[in-house]
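User: I have a structure open and would like to go through it piece by piece. Can you take my questions as they come?

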Amino acid sequence: MSVLVRLLRGIWSLMLGLGVTLKNLFRRPVTQTYPHQKPELSAAFRSAIALVHFPASDSHDCVACMQCVNICPSFCIKVEGDKPEGLKRKRATVFEVDYALCSLCGLCIDVCPTNTLKYSKTYDDVGYRRDQFVYDLLTPFR
């Protein structure tokens, strides 16, 4: 193949690429410039589980029944609890979830008798080690 033919093919390829660029230059952008623009999350968005905050008690309502621990197929939930003085029911003192293992199946949310668990709207958790994804969900309530 001669040098002239290769040069003409290169110019033709460049013109095709510039044509695509010019055609899309004035269209609406398809992507968002994250983190400058936060994405709109749909109502059906599912992320890591979280404890529901009940304003009446200004706390969660986890009674440490262990049903979420027993049903979890990923074995990523750890709950400990004791019965404080003056209350009839146990209260969770430790509620840890290893999000590196969680498959977001929702079984823990379905089985919770006090409706204390929900899906959170968290979407940008990052980390470099697995231990960075083990969260104590009681931290905001302490």
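User: Is Ala-64 buried or exposed?
Analyst: Ala-64 is buried. Its relative accessible area is 5%, and the cut-off for buried is under 20%, so Ala-64 falls in that class. This is a predicted model, so that value is computed from predicted coordinates.

User: Where does Ala-64 sit in the chain?
Analyst: Ala-64 is in the loop between β1 and α2.

User: What is its phi?
Analyst: Ala-64 has a positive phi of about 55°, although Ala-64 is not a glycine. Most residues other than glycine have a negative phi.

User: Which other residue has a positive phi without being a glycine?
Analyst: Phe-75 has one, of about 50°. Phe-75 is in the loop between α2 and β2.

User: And is Phe-75 buried or exposed?
Analyst: Phe-75 is exposed, with a relative accessible area of 69%. The cut-off for exposed is over 50%, which is why Phe-75 gets that label.

User: OK, peptide bonds. What is the bond from Tyr-34 to Pro-35, cis or trans?
Analyst: The bond from Tyr-34 to Pro-35 is cis, with omega near 10°. Most peptide bonds are trans. Pro-35 belongs to the loop between α1 and β1.

User: Where is Pro-84, then?
Analyst: Pro-84 is in the loop between β2 and β3. Its relative accessible area is 30%, so Pro-84 counts as partly exposed.

User: What does Pro-84 touch, apart from its neighbours within four places in sequence?
Analyst: Pro-84 is in contact with Arg-89 and Arg-91.

User: Tell me about Arg-89. Where does it lie?
Analyst: Arg-89 lies in the loop between β2 and β3. Its relative accessibility is 47%, so Arg-89 is partly exposed.

User: Which residues is Arg-89 in contact with, again leaving aside neighbours within four places?
Analyst: Arg-89 is in contact with Asp-61, Val-63, Lys-83, Pro-84 and Thr-114.

User: How far is Arg-89 from Asp-58?
Analyst: Their C-alpha atoms are separated by 17 Å, and Arg-89 and Asp-58 are 31 residues apart along the chain. For another pair, Pro-84 and Thr-116 are 32 residues apart in sequence and 19 Å apart in space, C-alpha to C-alpha.

User: Now the strands. Why is β3 called largely enclosed?
Analyst: Strand β3 covers residues 91-98, and six of its eight residues are buried, so the rest of the structure largely encloses β3.

User: Which strand is joined to β3 by six bridges?
Analyst: That is strand β2, residues 77-82, and β2 and β3 run antiparallel. As an example of a pairing, Glu-80 has Val-94 in β3 as its bridge partner.

User: And how many bridges join β3 to β5?
Analyst: Three bridges join β3 to β5, and these strands run antiparallel. Within β5, Tyr-135 stands opposite Val-97.

User: What kinds of residues line the pocket, by class?
Analyst: The lining has nine nonpolar, two polar and one charged residues.

User: Last topic, confidence. What is the mean pLDDT of the chain?
Analyst: The mean pLDDT of the protein chain is 89, and 99% of the residues reach 70 or more.

User: Which elements have the lowest and the highest mean?
Analyst: Strand β5, residues 134-136, has the lowest mean pLDDT among the elements, at 88. Helix α2, residues 67-71, has the highest, at 96.

User: Why care about a low pLDDT at all?
Analyst: Where pLDDT is low, the predicted coordinates should not be read in detail.

How values were computed: Residues numbered from 1 in each chain as written. Predicted model: local features only at pLDDT ≥ 70, side-chain atom pairs only at ≥ 80, totals over all residues. Heavy atoms only, no water. Nonpolar A, V, L, I, M, F, W, Y, C, P; charged D, E, K, R; others polar. pLDDT = per-residue confidence, 0-100. Helix = DSSP H or I, 4+ residues; strand = E, 2+ residues; numbered from the N terminus. Buried < 20%, exposed > 50% of the residue type's maximum accessible area, 1.4 Å probe, protein only. Pairing = 2+ DSSP bridges. Contact = heavy atoms within 4.5 Å.
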